[in-house]
Amino acid sequence: MRNGPVSTPPRVLPPNDPRQYDDLAGEWWRPDGAFAMLHWLARSRAALVPPATRPDALLVDLGCGAGLLAPHLAGKGYRHVGVDLTRSALVQAAAHGVTVVNGDATAVPLVDGCADVVAAGELLEHVPDWRRVVAEACRLLRPGGLLVLDTLNDTALARLVAVRIGERLPTVPRGIHDPRLFVDARELVAECARHGVHLRIRGIRPSLRGTLAWLVRRARGRPSGTVDGRQPRIKPTRSVAVLYQGHGVRHG
Ligand SMILES: C[S@@+](CC[C@H](N)C(=O)[O-])C[C@H]1O[C@@H](n2cnc3c(N)ncnc32)[C@H](O)[C@@H]1O
């Protein structure tokens, strides 16, 4: 008979089950943790956000998670409001200066036109009805306001790279994606246009060299910080077939 503590195996949840974020709550701010790539993407997304042009400017971060965007917005002059379904993530977002709203990105309890910027990072591919999120994002934007987002395309290549390969790497939690929810890039552009936002998209990917160096440092137990210069860079790619980023201004 074996002695010692009895450990409970991690529960296995269906793909994209939001309870996974509770189980992974301790990973959000670990630079070598399961959400590491979200930090790299947050930095790249924040680079699309210009400094605020007026006092009291508001940035609404839909599906904000634990607020990983916050350090990259520092000094840009926005009040950062984060909306998310997962309370355990919002507690951490609040600790990083985000004003949190526990709610659904398909029905946000904020008034029309309140936002100078709406961000939706790595959210659409987790929502069964992403069109409703787009409608809400555009409703929240004031005329002239900016939408910034990134998501996964609804392609065989994205399913291969982001799920079958990506979820075997330490940068993406296994089972976090349901590929049936991935978002066709052309449909997303068309849907944004229907709501007055001319979305410009580009493919992105983490730098291969930076990712390899990160994996080596991680294996040696020497991770980089969450916001330091050694984090792998997100680079533009010619193809939008896997991961893509979009930004566009709301007209009228
Ligand atoms: C992959 S994480 C991205 C978090 C954050 N945007 C980031 O990039 O660090 C997806 C987040 O979306 C949230 N989420 C999923 N569906 C949602 C919905 N319908 N409304 C609000 N948040 C949602 C999850 O709780 C989770 O925090």
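Which residues in α2 are buried?

Mentor: In α2, the buried residues are A36, M37, H39, W40, L41, A42, S44, R45 and A46. Buried means under 20% relative accessible area, exposed means over 50%, and partly exposed lies in between, with a 1.4 Å probe and protein chains only. Helix α2 spans residues 36–46 and is mostly covered, with 9 of its 11 residues buried. Helices are DSSP runs of H or I with at least four residues, strands are runs of E with at least two, and both are numbered from the N terminus.

Two points on how to read this. The model is predicted, so local features need pLDDT of at least 70 and side-chain atom pairs count only at pLDDT 80 or more, while totals for chains, interfaces and linings use all residues. Residues are numbered from 1 along each chain as its sequence is written, and side-chain values use heavy atoms, with hydrogens and water left out.

Now look at charge. Side chains of opposite charge can pair when their charged atoms come close. The structure holds 13 salt bridges. A salt bridge is a side-chain nitrogen of Lys or Arg within 4 Å of a carboxyl oxygen of Asp or Glu. R30 takes part in two of the pairings here: with E27 at 2.9 Å, N to O, and with D32 at 3.1 Å, N to O. R30 counts as partly exposed because its relative accessibility is 33%. E27 is buried, at 19% relative accessible area. D32 is buried too, at 15%.

Next, helix α7. E191 and R194 both lie in this helix (residues 185–194), 3 residues apart, about one turn. An α-helix has 3.6 residues a turn, so residues three or four places apart point the same way. The closest N and O atoms of the E191–R194 salt bridge are 3.1 Å apart. E191 is buried, at 8% relative accessibility, whereas R194 is exposed, at 62%. Both belong to a network of salt bridges that also links R131 and E187.

Turn to the ligand. It is surrounded by 19 residues, and the closest are G63, D84, T86, A105 and G121. To count as near, a residue needs a heavy atom within 4 Å of the molecule or strand. The shell divides into 9 nonpolar, 6 polar and 4 charged residues. Ala, Val, Leu, Ile, Met, Phe, Trp, Tyr, Cys and Pro count as nonpolar, Asp, Glu, Lys and Arg as charged, and the others, Gly among them, as polar.

Backbone atoms reach the ligand as well. A backbone N or O atom of G63 lies 2.6 Å from a ligand nitrogen. For G121, a polar backbone atom is 2.8 Å from a ligand nitrogen. For L85, a backbone N or O atom is 3.4 Å from a ligand nitrogen. The protein covers 95% of the 590 Å² of accessible area that the ligand has on its own. Accessible areas come from the Shrake-Rupley method with a 1.4 Å probe, and for residues only the protein chains shown count as cover.

One more residue: C64 sits in the loop between β1 (58–62) and α3 (70–73). It counts as buried because its relative accessibility is 7%. The C-alpha atoms of C64 and L123 are separated by 8.4 Å, though these residues are 59 apart along the chain.

Conventions:
Polar contact = N/O pair within 3.5 Å; in protein donor to acceptor, adjacent residues only side chain to side chain.
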